[in-house]
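Subject: Structure handover

Hello,

Here is the structure I promised to pass on. Please open it alongside this message. My notes follow below.

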Amino acid sequence: MTTLRTICIVAIAALGTSGCALLPFGREEAVVRAMPGQLEPIHAAAITRDLAVFWVSSNGCTDKDDLTPVVERAGDGSTITLRRIDEDTCDQPMAEGIEIIWSFEELGLTPGSRVQVNNPYQLPPSI
């Protein structure tokens, strides 16, 4: 009975320490911040010549001031999340959407920076 008791105690101790080994040590906690407006689905995006170019849906009244790019820096790169601040309530949908461009300077990015886009892609509507 003593041998069985010892095996059980060793097994419980091993499970307890291996459970601790699964916990992430030294990792920073994720910071959740509220972003302005709504996440904007995009038809396309391109990062070229120190420009961030997006194609978004428009009902005929969308312009650059209706959207805001939120830039987050991490490591040696940045992520742009395009947010819609003002809804386009016009009734003249544009089949291809519209092109909106920000320079790296406008975004606070250094020329040649590595950039990725964090928006969902959506096909343009069939009109």
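First, one cut-off: a residue is called buried when its relative accessible area is under 20%. Please keep in mind that this is a predicted model.

Glu 40 meets that cut-off. Its relative accessible area is 6%, so Glu 40 is buried. Its salt-bridge partner is Arg 84. The closest N and O atoms of this pair are 2.9 Å apart. Glu 40 sits in the loop between β1 (38-39) and β2, while Arg 84 belongs to strand β5 (residues 77-84), so the contact ties together parts that are 44 residues apart in sequence. Is Arg 84 buried or exposed? Arg 84 has 12% relative accessibility, so this residue counts as buried too.

Why can such pairs form at all? Side chains with opposite charge can pair when their charged atoms come close.

How many salt bridges does the structure hold? The count is 3. Here are the other pairs.

Lys 64 and Glu 106 join through their side chains, at 2.9 Å from N to O. This pair links distant parts of the chain, 42 residues apart. Lys 64 lies in the loop between β3 and β4 (67-74). Glu 106 lies in helix α2 (residues 104-107). Lys 64 has a relative accessible area of 28%, which makes this residue partly exposed. Glu 106 stands at 49% relative accessibility and also counts as partly exposed.

Asp 76 and Arg 114 form a salt bridge as well, with their closest N and O atoms 3.9 Å apart. Asp 76 is in the loop between β4 and β5, and Arg 114 is in strand β7 (residues 114-117), so this pair ties together parts that are 38 residues apart in sequence. Both Asp 76 and Arg 114 are exposed.

Now the sheet. It is open and has 3 strands, in the order β2-β3-β6. The pairing is antiparallel. Which strands are at the edges? They are β2 (44-48) and β6 (98-103), and each pairs on one side only. On average, neighbouring strands here are turned by 15° against each other, with direction ignored.

Look next at strand β3 (residues 51-56). β3 pairs with β6 in the antiparallel sense over 6 bridges.

Best wishes

Terms used:
Residues numbered from 1 in each chain as written. Predicted model: local features only at pLDDT ≥ 70, side-chain atom pairs only at ≥ 80, totals over all residues. Heavy atoms only, no water. Pairing = 2+ DSSP bridges. Helix = DSSP H or I, 4+ residues; strand = E, 2+ residues; numbered from the N terminus. Axes fitted to C-alpha atoms, helices over the stretch in contact; angles between N-to-C directions. Salt bridge = Lys/Arg side-chain N within 4 Å of Asp/Glu carboxyl O. Buried < 20%, exposed > 50% of the residue type's maximum accessible area, 1.4 Å probe, protein only.
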